[in-house]
Amino acid sequence: MLPKLDDFTVTTSWTNSEKSVVHLLESPRGEKVILKAYRRGFTTSMFRAYVASSYVARRLPLVPRVLGFQPWRNELYFSYISGQRVLEWVLQRFGGNLRLADFQSCHGLNPPDHVDPRIAEAFSRFRESVSPEPQRLKKAIRTSYSSLHRVGILHGSPDPRNIIYDGTRVFIIDFDHARPSLNPAAIDYRWLRYWYGLDLSCEADVAETDATMPRTADELRR
Ligand SMILES: Nc1ncnc2c1ncn2[C@@H]1O[C@H](COP(=O)(O)OP(=O)(O)O)[C@@H](O)[C@H]1O
Ligand SMILES: [Mg+2]
């Protein structure tokens, strides 16, 4: 449920697209809430995000919960996911000496033609890396997408701004492009291959790991 937001303040904002502005709201007690404010003309994306996020969050703990929906104000509220976006995770380790803050609101990510060359280069190194840490992250991405696909939802935008890693688990955010699908992996894996070098044939590998994934928020906290 949405907490009373009277004493919450905006501490960070992201503008990754022309569709919306996303704010992190924080209270003096340290509570965090995400507000996604859609611009006029993007009502379909907002409803799509609301329906898909609510559906998935009821079944899987790897997406933010919808805390509130005020369509008359074009506002959607989500639980905050802590961790690092895969964008920053990869740039930090494979991008040389880049200033991560420069990539917070990041528009240079429209593959295959419009990808900032610094990002393209870092992701190419990440894809090729066989070191344990990147391998663990790739496996965690596969596991989460495999869970999402098993509930019949296609994410539609698995770019590294929409995936958050807490060092163990991968969380998927931004359901503006999500939809039900009979074969969700077929489309998502196009981009999962492009960004992370993942392959549809890996889906079978994760079945076993997946069985041990937490199913409820309580299990996740344990
Ligand atoms: N639930 C969340 N927890 C933590 N950060 C989030 C959450 N939702 C969004 N963000 C942050 O806001 C950014 C933009 O949100 P997103 O829903 O992807 O909007 P857009 O449609 O502009 O891509 C994300 O890349 C991420 O950094
Ligand atoms: Mg996004």
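Analyst: Burial is counted with C-beta atoms placed from the backbone: 20 or more others within 10 Å of a residue's own make it buried, 12 or fewer exposed, and anything in between partly exposed. This is a predicted model: local features need pLDDT of at least 70, side-chain atom pairs count only at pLDDT 80 or more, and totals for chains, interfaces and linings use all residues. Residues are numbered from 1 along each chain as written, while chains are lettered from A and ligands numbered from 1 in the order written.

Start with Asn74. Its phi is positive, about 60°, yet it is not a glycine. Most residues other than glycine have a negative phi. Asn74 sits in the loop between strand S4 (66-70) and strand S5 (75-79). Strands (E, at least two residues) and helices (H or I, at least four) are DSSP runs numbered from the N terminus. Asn74 is partly exposed, because it has 16 C-beta neighbours inside 10 Å.

Asp174 also has a positive phi, near 65°. Its loop runs between strand S11 (170-172) and strand S12 (179-180). Asp174 is buried, because 26 other C-beta atoms lie within 10 Å.

Now the helices. The axes of H4 (132-150) and H5 (184-196) come within 11 Å and cross at roughly 165°. Axes are lines fitted to C-alpha atoms over the stretch in contact, with angles from 0 to 180 degrees between N-to-C directions. H4 and H5 are therefore roughly antiparallel (over 145 degrees). The contact (C-beta atoms, placed from the backbone, within 7 Å) includes Lys138 and Ile141 of H4, and Asp188 and Leu192 of H5.

Key
Angles under 35 degrees count as roughly parallel, over 145 as roughly antiparallel, 65 to 115 as roughly perpendicular and the rest as oblique. Two residues are in contact if their C-beta atoms, placed from the backbone, lie within 7 Å.
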